[in-house]
Every structure is written in C-alpha cells, then in structure tokens.
Amino acid sequence: MSHQEDSDKSKADLLNLTRRKAANRPFFLAAALEIFCQLEQLDQAGLAAYLKLEPGQLDLLGLCRRPDSTTPAAFQRDIRLICERFGIAPLQLARLLRRVAAYEALQAAPPTLNNFLMAARDYEEEPDE
Amino acid sequence: MQPTEFNQSDKGERELGIELHQRLLAADPLASSDIADAYLTPVMNALKLKYPFTDPTLLSDSATEAYFNYVDRPSSFDPAGRSLLGYLKMSAEGDLKNALAKLKLEAARLVSLDTVVELSDSYRNNPIEEEFIGRQAATEKILAWRAQQAADMELAADTPLDQQLLELLLVGERRTQAYARLLQIEDLSPAEQRQIVKRHKDRLRVRLKRRQAQHS
C-alpha cells in the first residue's frame with residue numbers, strides 16, 4: 001500500500017469512527033440515519049443504496065448537522081444544501097427524516113397515547129399452520 | 001476547498017478555519033462535516049507526531065472528542081486568538097493528557113498495591129514483624145478488595161477469553177497488540193484491530209462496572 005493510499009485509509013477510518021460516535025448525538029444527521037436504519041432494518045450498505053450513495057460517502061453525510069425542522073423554509077434550505085453536496089434526491093432524504101421524526105414524536109408521546117396507538121394498530125392474525 | 005493536509009501557509013489555514021467557524025455559527029448544515037473532513041486528520045497527525053508511543057485508539061478518541069467539544073460549543077473558539085487547527089490540537093492534547101493521567105493513576109494504584117503485598121510477605125517471620133501489624137491489617141483489607149476484584153472479574157467474564165482480556169484491562173495494558181494477540185486478529189489491519197479491540201474493551205468495562213455497582 002502506497003503512502004497516499006495508507007493516508008487515505010487512515011483518514012477514512014477516522015471519519016468512520018467519528019460518524020459512528022456522532023450517531024449518539026442528536027445534532028448530527030448520523031443519529032437520524034441510525035434510527036432510520038433500525039426502523040428499516042438496513043445496514044450501512046443498504047442505507048447507501050437507499051440514498052443512492054457510495055458507502056464511503058455516508059461518513060461525511062452523517063457528520064452534517066441534522067436539518068432544522070422548526071420551520072419548513074429552514075428544513076427545505078438544509079435539505080437542498082445537503083442534497084446538492086452529496087447528490088441525493090431531496091425527496092428521498094426528506095422522506096427519511098420525516099419517518100424518523102414521526103418515530104421520535106411517537107417515542108416522546110405520553111404512555112397513554114402510546115397505548116392508544118398500540119390498541120389502534122391492525123390486528124394481524126397468525127397464519128394458519 | 002477541503003484540504004486534508006495544511007501544506008499552504010498558516011494564513012491559508014487560518015482563513016479556512018475562520019470561514020468554517022462562521023459557517024458553523026451560521027447553522028450551515030454542511031459546516032460540521034467540512035470541519036471534520038479538513039481538520040480531524042491534521043489533528044490526529046499532530047498527536048501521532050508528539051505521542052508516537054501512545055495507543056492510537058487513545059489518540060483518535062482525543063481527536064474526535066476535541067472535534068465534538070468544538071461543534072457542541074463553537075463559541076469556546078476565539079478566531080482572533082489561535083487558528084482553528086491550533087485550537088483543536090490544543091483541545092485534543094488536553095483530552096489526551098487527562099486520559100493518560102487517569103491511566104497513570106490507575107497503574108500507580110495497582111503498583112502500590114503490589115508493593116504493600118510484597119512488603120508484608122518479606123517481613124513474615126522477621127523479628128521486627130510487630131511493627132508491621134498495622135500494615136498487615138491494611139494489607140488484609142487490600143487483599144480482600146483484590147479478591148473481590150477478582151471475583152467481579154470472574155463473574156463479569158463469560159468465557160476464558162473474556163477473563164484474559166479483563167486481566168489485561170485491569171493491569172492497565174494499553175497496547176492494542178496485546179489484546180489483538182489474545183483475540184487472534186493480528187492478521188487484520190492495525191485500524192481494524194484497534195476497532196475490534198476497542199469494542200471488546202468497552203463491552204468488558206461496562207460489564208465490570210455493572211458488577212462493581214452491584215457491590216457498592
């Protein structure tokens with residue numbers, strides 16, 4: 001391995017480590033991506049495929065600030081900037097973040113509401129043997 | 001411009017740092033990513049140069065902690081003072097020194113325990129043994145504590161491999177190779193070894209803490 005390749009790999013490893021640590025920090029997009037992966041049972045390759053990215057791009061993507069969802073204008077601006085940089089379809093990232101936000105809202109809801117929502121879920125019958 | 005090495009003049013680096021800092025303050029969603037891209041490697045390289053014999057896991061942890069601390073509190077950086085690179089290097093070195101001091105304290109505590117145990121052994125059957133009655137009482141307490149540690153360690157370890165890894169952890173072993181040898185992952189790249197070893201260390205530390213919390 002040449003010096004340049006070695007240095008590139010060290011850098012990639014460091015960014016990967018940082019992105020994995022960032023997955024525990026709500027400030028970073030990595031945290032939302034992690035939740036989405038859990039909800040959709042995706043690994044990193046699956047997430048990269050969903051966003052039509054190279055897996056190596058996920059580290060820098062994850063280290064972006066999570067788009068500000070306090071106002072639609074701020075959310076759109078952040079989505080546009082991130083998608084332009086990484087070549088992601090804006091609708092795809094927006095959908096992903098809306099899915100995560102809905103899950104977080106449900107998690108933050110009082111237990112009674114959670115129970116109500118659970119009770120409202122469709123009952124799935126066991127398949128016949 | 002996203003340099004990974006600052007071959008340009010200090011002025012170029014300073015200007016880049018100010019620009020990225022302002023973008024972070026202005027809530028640009030790409031700023032934190034660009035800062036990581038531009039600065040993590042130079043900070044890590046600076047630490048490697050200054051601490052060539054330190055476990056690289058500790059170095060990378062310090063570099064990433066400095067980055068997260070800055071992104072969490074960008075106002076702690078004063079662009080009128082040192083450059084962003086200088087600030088991050090200083091912050092990372094501070095974190096590293098704290099981590100090293102903690103490890104040193106831990107190692108010193110273990111060494112002093114061994115010394116007390118050796119002293120009590122060497123004065124056995126000695127005419128001046130009387131003088132060491134108090135010391136022996138202390139030694140007994142320490143031995144009891146160590147027995148408890150050993151019991152904790154045994155309970156925290158599910159497998160003989162975990163037991164061996166825990167022993168290394170408790171004696172303050174910091175070299176990745178020592179753990180890699182036990183885990184039989186020496187054929188992997190150093191980065192992969194560090195990653196796997198760190199995962200095992202973290203897992204065992206959590207388990208040991210849980211055991212110790214049950215006693216306290």
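Okay, let's start with two helices in chain A: α5, residues 72–86, and α6, residues 90–108, which pack at an angle of about 125° with their axes 9 Å apart. That angle makes α5(A) oblique to α6(A). Keep in mind that this is a predicted model. As for handedness, α5(A) and α6(A) cross in a right-handed way.

So who touches whom? On the α5(A) side you'll find Phe75(A), Ile79(A), Ile82(A) and Cys83(A). Across from them, α6(A) brings Pro90(A), Leu93(A), Ala94(A), Leu97(A) and Arg98(A). Sort the residues of this contact by type and you get eight nonpolar, no polar and one charged.

Right, on to charges. Side chains of opposite charge can pair when their charged atoms come close. How many salt bridges does the structure hold over all chains? There are 20. I'll walk you through a few.

Here's one to find on your screen: Lys21(A) forms a salt bridge with Asp61(B), and their closest N and O atoms are 2.9 Å apart. This pair crosses between chains, with Lys21(A) sitting in helix α1 of chain A, residues 3–22, and Asp61(B) in helix α3 of chain B, residues 56–72.

Next up, Arg85(A) and Asp34(B), whose side chains meet in a salt bridge at 2.7 Å, N to O. Arg85(A) is in helix α5 of chain A and Asp34(B) is in helix α2 of chain B, residues 31–50, so this pair joins two chains.

Last stop is chain B. The side chains of Asp202(B) and Lys198(B) meet in a salt bridge, 2.8 Å from N to O. Why are they separated by about one helical turn? Because they are four residues apart in helix α8 of chain B, residues 190–215. Asp202(B) is partly exposed, with a relative accessible area of 32%. Lys198(B) comes in at 22% relative accessibility, so it counts as partly exposed too.

Notes
Residues numbered from 1 in each chain as written. Chains lettered and ligands numbered in written order. Predicted model: local features only at pLDDT ≥ 70, side-chain atom pairs only at ≥ 80, totals over all residues. Heavy atoms only, no water. Axes fitted to C-alpha atoms, helices over the stretch in contact; angles between N-to-C directions. Parallel < 35°, antiparallel > 145°, perpendicular 65-115°, else oblique. Left-handed = near helix turned anticlockwise from the far one by under 90°. Contact = heavy atoms within 4.5 Å. Nonpolar A, V, L, I, M, F, W, Y, C, P; charged D, E, K, R; others polar. Salt bridge = Lys/Arg side-chain N within 4 Å of Asp/Glu carboxyl O. Buried < 20%, exposed > 50% of the residue type's maximum accessible area, 1.4 Å probe, protein only.
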